[in-house]
Amino acid sequence: KITTGDAAVDQEIEVARQRLENLRKANEAIPDPQITGNLDRMYASGQQIFNELSRDPRKVALVRRFMSYYLPTSEKLMEQYQVLMNAPSKGENITSAMKTIESSLGLAANAFEKCADNLYKDDEMDIDAEIKVMQTMLSGDNLIKTDMNSIRDAVPTPAKAAPAEPVAQAEAAAPVEEEKTTKEGIKLTLGGH
């Protein structure tokens with residue numbers, strides 16, 4: 001049970017958890033693999049959110065919209081989808097409504113995952129700050145080198161090419177001579193001095 005110290009917020013969290021459980025039940029009742037995949041993502045993200053809230057209830061403000069809008073709206077859409085799915089006759093309106101709900105579930109799953117990820121934004125900044133402080137202290141205690149010379153020493157230098165052999169150099173420097181014979185039998189030498 002998540003306890004924030006505010007009874008109204010605690011009740012809001014419990015209602016949201018029940019809504020998430022209703023999404024899981026809807027998932028069991030719907031055989032479509034695409035819908036199941038999106039509902040699995042939504043359920044996993046919701047569980048992650050509630051697990052993080054149980055660790056740090058102060059983060060509830062970061063997921064208020066998730067609990068008050070995204071989750072109840074998704075629950076309502078899945079209830080409507082099940083009613084449409086179980087209709088004995090599926091005309092154009094029912095089929096169209098079902099397709100609209102199916103296409104919106106990917107967006108909802110993305111939103112759930114983003115809400116879960118947002119809970120860790122402050123943690124990421126805290127971790128970044130801690131690492132920078134640790135690097136500064138390690139450098140100050142001469143436990144790591146951070147000057148430019150040590151960075152240059154750590155970067156391997158490319159191997160120099162071996163000098164060409166004298167024969168190869170002479171051949172490269174010598175002009176290329178080419179002889180051509182014209183139809184009249186005149187020989188021309190090209191490239192010579």
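Predicted model: local features only at pLDDT ≥ 70, side-chain atom pairs only at ≥ 80, totals over all residues.
Let's begin with α4 itself. This helix runs over residues 92–118, which makes 27 residues. From its first C-alpha to its last, α4 reaches 40 Å, close to the 39 Å expected at 1.5 Å a residue. Follow the helix along and you will find a kink of about 25°, centred on Leu105. Leu105 is also one of the buried residues of α4, a list that includes Ile94, Met98, Ile101, Ala108, Phe112 and Cys115. Here is a handy rule for reading such a list: an α-helix has 3.6 residues a turn, so residues three or four places apart point the same way.

Now compare that with α2. At the start of α2, a side-chain oxygen of Asp32 comes to within 2.9 Å of the backbone nitrogen of Gln34. Buried residues of α2 include Ile35, Leu39, Met42, Ile49, Phe50 and Leu53, and among them are also Asn38, Ser45 and Glu52.

Next, the aromatic rings. How many aromatic pairs does the structure hold? There are three. Two of them are set out below; a pair of aromatic rings is described by the distance of the centres and the angle of the planes.

| Pair | Centre to centre | Angle between planes | Arrangement |
|---|---|---|---|
| Phe66 and Phe112 | 4.9 Å | 80° | edge-to-face |
| Tyr69 and Tyr70 | 5.7 Å | 70° | edge-to-face |

Because Phe66 lies in helix α3 and Phe112 in helix α4, their pair ties together parts that are 46 residues apart in sequence. Are these two residues buried or exposed? Both Phe66 and Phe112 are buried. Together with Phe50, they form one aromatic cluster. One more ring is worth a look: the charged end of Lys59 sits over the ring of Tyr120, 5.4 Å from its centre.

Asn27 is found in α1 and counts as buried, at 11% relative accessibility. What does Asn27 touch, leaving aside its neighbours within four places in sequence? Asn27 is in contact with Thr36, Leu39 and Asp40. Glu28 also belongs to α1, but Glu28 is exposed, with a relative accessible area of 60%. The side chain of Glu28 is joined to that of Arg24 by a polar contact of 2.4 Å. Glu28 and Leu39 are 11 residues apart along the chain, and their C-alpha atoms are separated by 9.7 Å.

Our last stop is Asn142. Where is Asn142 found? Asn142 lies in the loop between α5 (121–140) and α6 (148–154). Asn142 has a positive phi of about 55°, although it is not a glycine. This residue is exposed, with a relative accessible area of 68%.

Methods
Residues numbered from 1 in each chain as written. Heavy atoms only, no water. Helix = DSSP H or I, 4+ residues; strand = E, 2+ residues; numbered from the N terminus. Expected span 1.5 Å × (residues − 1). Bend = angle between axes of the 7 residues up to and from the residue. Buried < 20%, exposed > 50% of the residue type's maximum accessible area, 1.4 Å probe, protein only. Phe/Tyr/Trp six-rings, centres within 6.5 Å; stacked < 30°, edge-to-face > 60°. Lys NZ or Arg CZ within 6 Å of the ring centre and 35° of its normal. Polar contact = N/O pair within 3.5 Å; in protein donor to acceptor, adjacent residues only side chain to side chain. Contact = heavy atoms within 4.5 Å.
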